[in-house]
Amino acid sequence: MPFDTYANVSTALSTWEERSLSSTETDEALTLAEAAANRRLRQDFRRRTSTTVVTDSSGEATLPTGFVGMTSLVRDVVGSVPLKQVSWDSLIERNPYEVAEDAGVYAINGTALKVAPVTEDTFICKFSSVLTGLSSSNTTNWLLTLAPDFYLFYGQAMIAAKYKDYATAEGLKSEALGILDDLVSQGNVAEYGNVEMTLSMATP
């Protein structure tokens, strides 16, 4: 049986068990598997997306829903270069009331994004987002396509934990998290394996 859709992986979780499982139990297992994946995948390029954020007259905006980590923030003006990230305190020390034609840095505090010098405009935000979870209305995602065994093993681990078989749960969980580590390593090579260094200054 292919492990390519929400329905198929839910069925597999049941058929691989010695006990019958309800759809509520398999959904719980999938939800917990995806929570673990969101913590482990870091800023993998495969869950990267892009949107626009609009800063107000104070140079502030709210981060997009599902935000995990920033990849690039660029003002939506031809010729603009990516802003550099600094800490919130460092940004404040740069003079929080200075207004300029363009921003040079940004900082993140909770769900707040602030640019400095203060610039009220639209910015293109490229960021890593949480995994789009499996459901009856979202039947597949990139993680299920690349690593159906992660869903199977971690889902089984959570079911074993529910029934207090912690030794089995730990073994299955370890196997599943190893699969995620392989994916992260693969993603780093795919994204950065052939990049060249570019210095932000004149070079001889």
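Reader: Which residues do ring pairs link into a cluster?
Author: This is a predicted model: local features need pLDDT of at least 70, side-chain atom pairs count only at pLDDT 80 or more, and totals for chains, interfaces and linings use all residues. Residues are numbered from 1 along each chain as its sequence is written, and side-chain values use heavy atoms, leaving out hydrogens and water. Rings of Phe, Tyr and Trp (its six-membered ring) pair if their centres lie within 6.5 Å; planes under 30 degrees apart count as stacked, over 60 as edge-to-face and the rest as tilted. The cluster held together by such pairs consists of Phe-150, Tyr-151 and Tyr-154.

Reader: How many residues apart are Phe-3 and Trp-16?
Author: Helices (H or I, at least four residues) and strands (E, at least two) are DSSP runs, numbered from the N terminus. Phe-3 belongs to the segment before H1 and Trp-16 to the loop between H1 and H2, so the pair links distant parts of the chain, with a separation of 13 residues.

Reader: What is the relative accessible area of Trp-16?
Author: Buried means under 20% relative accessible area, exposed over 50%, and partly exposed in between (1.4 Å probe, protein chains only). Phe-3 is partly exposed at 25%. Trp-16 is also partly exposed, and its relative accessible area is 48%.

Reader: What kind of pair do Phe-150 and Tyr-154 make?
Author: Their ring centres are 5.7 Å apart and their planes stand at 40°, so the pair is tilted. Both residues lie in helix H5, 4 residues apart, about one turn of the helix. The kind of pair is therefore tilted.

Reader: How far apart are the end C-alpha atoms of H5?
Author: The expected span of a helix is 1.5 Å times one less than its number of residues. For the 15 residues of H5 this gives 21 Å, which agrees with the distance between its end C-alpha atoms, 21 Å.

Reader: Which residue lies over the face of Tyr-163?
Author: A charge sits over a ring if NZ of Lys or CZ of Arg is within 6 Å of the ring centre and within 35 degrees of the ring normal. At 4.0 Å from the ring centre of Tyr-163 is Arg-19.

Reader: Within what arc do the buried residues of H1 fall?
Author: In helix H1 (residues 6-15), the buried residues are Tyr-6, Val-9, Ser-10, Ala-12 and Leu-13. They line one face of the helix, because seen down the axis of H1 their directions, taken from the axis to the C-beta atoms, fall within an arc of 160°.

Reader: Which residues does Ser-10 touch?
Author: Contact means heavy atoms within 4.5 Å. The buried residues of H1 pack against helices H2 (23-40), H4 (142-146) and H5 (148-162). Ser-10 lies in H1 and is buried at 10%. Not counting residues up to four places away in sequence, Ser-10 touches Thr-26 and Leu-30.

Reader: Which residue in S7 is the bridge partner of Ser-50?
Author: Two strands pair if DSSP finds at least two bridges between them. Strands S1 (residues 48-54) and S7 (residues 122-129) run antiparallel and are joined by 7 bridges. S3 (residues 67-75) also pairs with S7 in the antiparallel sense, over 7 bridges. The partner of Ser-50 in S7 is Lys-126.

Reader: Which strands stand at the edges of the open sheet?
Author: The open sheet has 4 strands in the order S2-S6-S5-S4, with mixed pairing. Each edge strand has a single partner strand, so one side of each is left without a neighbour in the sheet; the edges are S2 (60-62) and S4 (84-85).

Reader: What percentage of the residues of the chain count as buried?
Author: The chain has 6 helices and 7 strands. Of its 204 residues, the part that counts as buried is 38%.
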